[in-house]
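Dear colleague,

Please find the structure below, together with its sequence. My notes on its nonpolar packing and its aromatic side chains follow.

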Amino acid sequence: HAKLNLTLDVLGRRPDGYHDLRMIMQSIDLADILELDYNDTKELRVSTDLHFLPNNEKNLAAQAALRWYESAVVQNPGKWDTEDLKRSVNFDGLDVTIEKHIPVCAGLGGGSSDAAAVLRALNLMEDACLSPEAVASIGALVGSDVPYCVIGGTALAEGRGEILTPLPPLPRCWAVLCKPEFSISTPALFAKIDSVRLRCRPDTKGVIAALEAGDLAGVSRRMYNVFEDALPERQRTRVNDIKNTLIQCGALGASMSGTGPTAFGLFDSEDKAREAWERLREFGGEVFLAQTV
């Protein structure tokens, strides 16, 4: 499943070069479809329906498989003998086929969600019986958003994103998403955020209180993402235009997800959400109508 950032706050740069984050994440039913099959080639093979995505170890799904086998051997030493270790690390042949529906470089965690799906699938295929938390800890070796994508639902993510606290679920609603025609460089935005004067910060505590009260409108009007302040002016204007259109169509609130550029709005009415979806399709870009999970 894709993820939305209901809030995203950057607290500062860490000694290890990463940034400390505080963000509230939400799953939606926009999802990629993965199929995993053993093969007899002794190779890890990744294929997707998008020609420009890597089909080697640069793909996060492939990295997840590599980290899984390395970690599974360590976490289950009694289950594996020397030959198992050799066979597992070399995969003894695994095909990962990805059917993409989540847009790429959109701030929706598409690559991270694929990596999480691989880890969850291998946990079943290998009959490892690792807890979701243990699987998520392997995901942290792949990418900062992967642990959340393993767990899903509504959660507070801190640290690099790997420290997760489950939250009361967001009341069922509809989300309309629009990814403009451009992409955003995540490393470039992180490099810039330290020098940007932030207009405000998200009311994370207020969003958590609204979730505890089951107050969808309260959550929606408190959504905010500090990375909007770090966007180049033309891109920020485009994102704001999308957000304004969503609000005009009846969204309870609108924000940008991740490092963007996808903007989204939350709706308590499917009819209003569909109207916004149809209107935004006239703007260009990629537009999606989804529900929360």
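The largest nonpolar core holds 62 residues, and the members that touch the most others are Val 176 and Leu 246. Please bear in mind that this is a predicted model. Beyond its neighbours within four places in sequence, Leu 246 is in contact with Val 176 itself, with Ala 251, Ala 254, Ala 263 and Ala 276, with Phe 264 and Phe 267, and with Gly 265 and Leu 280. A separate core of 26 residues lies apart from the largest one; Leu 108, Leu 167, Leu 266 and Phe 288 are among its members.

As to the aromatic rings, a search of the whole structure returned one pair. Its partners are Phe 190 and Phe 227, arranged edge-to-face, with 4.9 Å from centre to centre and 70 degrees between the planes. Phe 190 belongs to helix α6 (residues 186–193), whereas Phe 227 is in the loop between β9 (224–225) and α9 (233–248), so the pair ties together parts that are 37 residues apart in sequence. Phe 227, at 1%, is buried.

Two arginines are also placed over aromatic rings. Arg 160 lies over the face of Tyr 18, 4.7 Å from the ring centre. In the case of Arg 281, the charged end sits over the ring of Trp 277, at 4.4 Å from its centre.

Yours sincerely

Definitions and conventions:
Residues numbered from 1 in each chain as written. Predicted model: local features only at pLDDT ≥ 70, side-chain atom pairs only at ≥ 80, totals over all residues. Heavy atoms only, no water. Core = buried A, V, L, I, M, F, W, Y, C linked by side-chain atoms within 4.5 Å. Buried < 20%, exposed > 50% of the residue type's maximum accessible area, 1.4 Å probe, protein only. Contact = heavy atoms within 4.5 Å. Phe/Tyr/Trp six-rings, centres within 6.5 Å; stacked < 30°, edge-to-face > 60°. Helix = DSSP H or I, 4+ residues; strand = E, 2+ residues; numbered from the N terminus. Lys NZ or Arg CZ within 6 Å of the ring centre and 35° of its normal.
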